Amino acid sequence: NSDLQKIKPSVAHCSKKMKEEKKKYFLHSNFEDELFSIKTAYKLHAKNYTISKKRSISQPSPYTRSKLANEGSPYQNDVFLSPEIRNKNCKKRRKSKAEDKFEGLIELEEAVRGLDEKTLIKGELRINPKNYTEAYITHPEDRQDVLIVGVADRNRALDGDIVVVQIKDEDKWRKQQNGTVHKTGKVVHILELFHKRSIIGFVQKYDDNFALVKPRDCRLPRLLVAVATLPEQLRNSIEKYADVYYKAQIVCWNTPKFAQGLIVCMIGKKGEISAETEAILRELDLDSAPVPESLNKYLPPLPFTISQQEIDSRLDLRKETIFSIDPETARDLDDALSIRKLSSDTYEVGVHISDVSYFLEEGTPLDEKVSDRATTIYMVDRVNHMLPVQLCLLCSLLPGEDKLTFSVIWEMNKQGNIINTKFTRSVIHSCAQLSYSHVQDIMDGKETLNLPHLYNGKTEKDIRESILTLYSISKHLTAKRFAGGALRIDQPKIAFKLDNDCLPYEASLYILQDSNRLIEEFMLLANQSVAEFIHKKYPKVALLRRHPPPKEDMISRLETSLNKLGIFIETRTSGDLHSSLLKYTHDDPARAIVLNCLCSKAMCRALYYCYEPDTHHYALNIDMYTHFTSPIRRYVDIVVHRVLAAALGYSPLPSWDTDTVREYARNSNVKKYAAKRAGEASSDLFTALYIKKLGFLETEAVVFNINSHSFDAIVSSLALKIRVYIDDLQDVEVEHKENDIASSLHIRWKQLIYTQIVQLFSEVRLLLKIQETSLQIEAQLLPPSVLSYTSDSSSSYHSTMADIMPFG
């Protein structure tokens, strides 16, 4: 609401102006419904996105034309909707029922008043990716989700938009199967359009006048595109391009059934790796192109030599034993570690982070481009760098080279207790680029090591002693962190090996080892130390990161439901949850996978923020945290570096206010989550390619959800969640027994003369294969191969391969 207060003065100023101007924004007669708020429209006016008075309003604006042309659209001078088509559409609309139309959105002034009076609520819209008819926002007071049912009640809002919602009357709330009641609501205003209204999908014929774009993402509307506006090739032979991805843009959206829009460009053919990957990135509005080389003029040319004046202004650490630890294939080396013994019980431990902010000048076109990209995107077959390659080379902490860094240096004892903390700009000379496997070999006590080339006169003995001392301290830090109430919920992650054609020939789980944990502890400590320091110095522009507590209704329901299975978890604090989960997961991998999955569904996403009262990080159970350690791949870290440099007196504080930093935080939240989803979608794509190459795959899975005609399972070997339908099984009889989380499917295999009980934690055998017409994975339940029986229903989750009992 405090943000909305700032909007109020501008509303009166622009309201009259917009009443005079807003007809100029309508691309056709019903586009007024797309004017979501005065604020949004006035922004358009300020950017001179004008429409000529002399031009028919049935045509796109010059701005729209040029924008689409720049993105590869064939659109030139075609009329978007001819008068005949518009008249025909108007007749169709008059025939449609009232309930087939969206309700009008209230004006901004009314939305602000409702929020002030607490008759309305606002929040980020989240649409269920598996059921587009269900969307949610989190209630700002009780933190429970408000359900928005159906496209009509979403009122043209899309995933990620900031919306204003009116809670419906209590008699319209939805009753859950477990007896609880879910508040429902409807969108009455859209404050901010985060979704770009672009669609990736396939084009097919709708009628003589329109083509239909069917989106890949079911949360987006089907799109009608006037045939006259299609690219000539596509217009002449729509059927020929039925399996080709196109990008389209929503122009207007008047009814829940269809939106209307334009084709922007062709992406590529379905099934081709490059096209599938590009479709994933475009769908999530991520920039897949490298930073333009023309922006390299804002960087020093290569090769770059650090001046003596710059070295003299920094702490010179070039003679210390400093090394990086990263995956074997890493090329962007953000961080390095060092340790030096001060006395029998005290050490100087340093975390050294690449000083990207030294090279990336604030406010330049290059800086603006990087801030918009916000994050590096990691796909299976490619890495889309946030920074230009030249800047990556300048900043990466490669061994044998002098590099500029920011250092956090602690004086601490063997138990990891901090005596003193120092922050400084520094210059280092890394002696080795170690991989996690190198470090793990040292930690495991292997005598023969295959270390990479060492620089700076350092020896294998120097490296071994440093690693073992850091490892000893890191174990104390880990113990203290979890004793202090931290929570860890590990999710499986898959890694692929690709051949020369970029096809996967091997897939395996990525295993986190103690070497990963060592780095994690010192990076967490550096982030926490920097957060506390910059917040104390500049609280109004300190960009921080918090993790809200889990959704109370979901975690409470989970706790109650698991109690029915004899699993008692404590959810009062993150530490309680972690301790109670350990009791049930330390000796049972199947239970660990399912419980981690169920608990993660109740968790909120961690978010960047600036100058807000709630600073607590739930999972870490600390009051102050930020991201400082990865400036080559996260723009947030660069912002933090700039504030830290000002706090240390190296440079003046940038001319930011709180709103400026909040905008950085908001964009980074959106892009970071989109990049995460892109990486997951890429993993799913290559999992499908891997199974396709095999022909089929028989594997084991663990059940984590039961439905009346299907169940959901996790294939742990592939880090894959999949739904298994049972209606098509041959020679079986199925009975569904509903009992909340303890629901079960009793599957009678006639040829085996046994009944298999599939319920939470059951281990089942699946046959995975790829659909003939797509890269979608299908799963078929296989008959159990191991027959086991236990009469103790309370311990049913201890099943080995499948839960089976004789008839009767």
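This is a predicted model: local features need pLDDT of at least 70, side-chain atom pairs count only at pLDDT 80 or more; totals for chains, interfaces and linings use all residues.
Asp208 counts as exposed, at 65% relative accessibility; buried means under 20% relative accessible area, exposed over 50%, and partly exposed in between, with a 1.4 Å probe and protein chains only.

Residues are numbered from 1 along each chain as its sequence is written, and side-chain values use heavy atoms, with hydrogens and water left out.

A search of the whole structure finds 50 salt bridges, and one of them is formed by Arg666 with Glu192, whose closest N and O atoms are 2.4 Å apart. Arg666 lies in helix 20 (residues 658-694) and Glu192 in strand 8, so this pair ties together parts that are 474 residues apart in sequence. Helices (H or I, at least four residues) and strands (E, at least two) are DSSP runs, numbered from the N terminus. Both partners are partly exposed, Arg666 with a relative accessible area of 28% and Glu192 with 22%.

Another salt bridge joins Arg216 and Glu283, with the closest N and O atoms 3.3 Å apart. Since Arg216 lies in the loop between strand 10 (210-215) and strand 11 (222-226), and Glu283 in helix 8, the pair ties together parts that are 67 residues apart in sequence. Here Arg216 is partly exposed, with a relative accessible area of 31%, whereas Glu283, at 18% relative accessibility, counts as buried.

Which residues touch the most other members of the largest nonpolar core? They are Phe323, Ile325, Leu337 and Phe522, out of 78 residues in that core, and helix 15 (residues 514-537) gives the most to this core, with nine residues. A nonpolar core, in this sense, is a set of buried Ala, Val, Leu, Ile, Met, Phe, Trp, Tyr and Cys residues joined through side-chain atoms within 4.5 Å. If we leave aside its neighbours within four places in sequence, Ile325 is in contact with several residues, including Leu337, Tyr436, Val439 and Leu518, contact meaning heavy atoms within 4.5 Å.

Two of those names, Tyr436 and Val439, are among the buried residues of helix 13. Why is helix 13 (residues 436-443) described as largely enclosed by the rest of the structure? The reason is that six of its eight residues are buried, and what covers those buried residues includes strand 15 (322-326), strand 22 (432-435), helix 14 (460-483) and helix 15. Helix 13 is followed by Gly445, whose phi is positive, near 85 degrees.

Finally, consider Leu302, which is found in the loop between helix 8 (273-283) and helix 9 (308-312). The peptide bond from Leu302 to Pro303 is cis, with omega near -5 degrees, and Leu302 counts as partly exposed, at 42% relative accessibility.

Terms used
A salt bridge is a side-chain nitrogen of Lys or Arg within 4 Å of a carboxyl oxygen of Asp or Glu.
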